[in-house]
2 protein chains.
Amino acid sequence: MARPHSYDPEIALEAAMHVFWRDGYDLASLSDLQSAMGIQRGSIYKEFGSKKELFLKALDRYVKKFVDPGIALLTQTDGSGQERIERFFELAPRDETRGCLLCSSAAGVAGTDREVRKVVFDQLARLRNAFDTALIEQVTETSNRRSEAERLTQLYIGKRVEARTAI
Amino acid sequence: MARPHSYDPEIALEAAMHVFWRDGYDLASLSDLQSAMGIQRGSIYKEFGSKKELFLKALDRYVKKFVDPGIALLTQTDGSGQERIERFFELAPRDETRGCLLCSSAAGVAGTDREVRKVVFDQLARLRNAFDTALIEQVTETSNRRSEAERLTQLYIGKRVEARTAI
DNA sequence: GTAATTGTTGATCGTTCGGTCAACAATTAC
DNA sequence: GTAATTGTTGACCGAACGATCAACAATTAC
C-alpha cells in the first residue's frame, strides 16, 4: 500500500555501529554515518529518531553481537569456571584496536549523558554477574566472589580501553 | 617594557584541566574553557596555541599532579612492593566519578588523534614500568613480571573508567 | 610627556554540527 | 487509469564550533 524500504534497517544499523565503534559518539558525525549507512539524513531520522537514539540502538546491537556471547560462555555449565573465564578473555582478537564500544562509551559519552550512563552501567553489571556465576565453584564466600568478579570486569574494561592506544 | 599578564597561566591551565577531566576533549567547548579559565578566547589562543595544544598541556599537568605521585610510590624503596601496589590503588578517592583523564583519553580522543595516542601510550608505559619495579621482589622471572605489570595497568584503567559509570 | 611593546578583548570569520521539511518516487487499492 | 499511503531525497535551518584579528589597554624606556 506504500513504497517499500529501499534499504535494510538492520544493515544500516550495523554500519552505524561500526562508525560509533571506531570514532566514538561525539566524533561520529551525521555525515560520516550517512556515508557509512548508505542512506540519506532524512531516512536516518525517520528510521532512528535522533543521533542519540541511533547510538543507543547501535550500542544495543553491539552488546547482542559481542558482549552476549561472552556472557553466555561465562554462564554455561560445561568446563570449569576457570577455563571459561580464560576463554572469555581470548574472545576479542588481539588486533582489534577499536577496543570495545561499551567500554569506550563508559569513558566517554556515559560521563555526560545520564541515559547512556544507565545503559552502560546495566550492561557492565550483567557482565559482572556472569563473572560471578563462573566463579561459583572456585570462590565459595559470596563477598569474596563478588569482589573478584568486580576485578575481572575492571580487567576486561582496562584491556579493551588499552587496546585503543596501540600505535 | 610591555603590559604584564593579568592572569596566571598556571591557574588557567589548572582550570582547563578540570574541564577536560569532567567533559573529555570533544565535549569541552571553547566557551566552557573560556568561562572556567576566566580569560577570553584570544588570550587562550595566544597563550596555548590551539584547543589540542591546550589539551596536551592540561593532560601533561594532570599526569604531573595525579599520575607521577603514584609512579613515585610504586618505585620508592621503603615498604614491600606488594604494600606499595596496594597503597597505589587507594590513591584515587572512591567518590571521584570523573575517573582518570589519562584513561578516559585512551578510550576517547586517543583513538582518533595520533599525537594524543602517542602521549597516552607513553604515559601508560611509564605506569607499567613502575608496576614492574614494584613487582621485582615477588616475581623474579622477567616475562611473568612483565605480564603481571600489564595486568595491574589494565586493572587500574578499568577501575578508573568504570568509576565514570557511577549513577 | 611620547614611542615602543606586549597583553587583552570581543566581534567576527567560515565551517560543521544535528536536525527539519517540502518535493518527489514508488508502491497498493480500487 | 486515479487516489491514497508511505519511503526517499537533498536543500536548508539555526546554532555551536574552533579560530582569527583589529582595536584598545597597560606597561617600560626614554
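The residues of the surface near DNA strand C divide into 10 nonpolar, 9 polar and 6 charged. The model is predicted. In it, 25 residues surround DNA strand C. The closest are A:Ser29, A:Gly42, B:Ala2, B:Ser6 and B:Gly42. Two or more residues of this surface come from each of helix H2 (30-37) and H3 of chain A, and from H3 of chain B. H3(B) gives the most, with 4 residues.

DNA strand D was examined in turn. At least two residues each are supplied by helix H3 (41-48) of chain A and by helix H2 (30-37) and helix H3 (41-48) of chain B. Here H3(A) gives the most, with 4 residues. The surface near DNA strand D comprises 10 nonpolar, 9 polar and 6 charged residues.

Helix H8 of chain B covers residues 142-162. Its end C-alpha atoms are 30 Å apart. Buried residues of H8(B) include B:Ala149, B:Leu152, B:Thr153, B:Tyr156 and B:Ile157. B:Lys159, B:Arg160 and B:Glu162 are also among the buried residues. The buried residues of H8(B) pack against helices of both chains. In chain A these are helix H6 (101-107), helix H7 (114-134) and helix H8 (142-162). In chain B they are helix H5 (81-88), helix H6 (101-107) and helix H7 (114-134).

Conventions: Residues are numbered from 1 along each chain as its sequence is written. Chains are lettered from A and ligands numbered from 1 in the order in which they are written. This is a predicted model: local features need pLDDT of at least 70, side-chain atom pairs count only at pLDDT 80 or more; totals for chains, interfaces and linings use all residues. Ala, Val, Leu, Ile, Met, Phe, Trp, Tyr, Cys and Pro count as nonpolar, Asp, Glu, Lys and Arg as charged, and the others, Gly among them, as polar. The expected span of a helix is 1.5 Å times one less than its number of residues. A residue is buried if 20 or more other C-beta atoms lie within 10 Å of its own, exposed if 12 or fewer, and partly exposed in between; C-beta atoms are placed from the backbone. Two residues are in contact if their C-beta atoms, placed from the backbone, lie within 7 Å. A residue is near a molecule or strand if its C-beta atom, placed from the backbone, lies within 6 Å of it.
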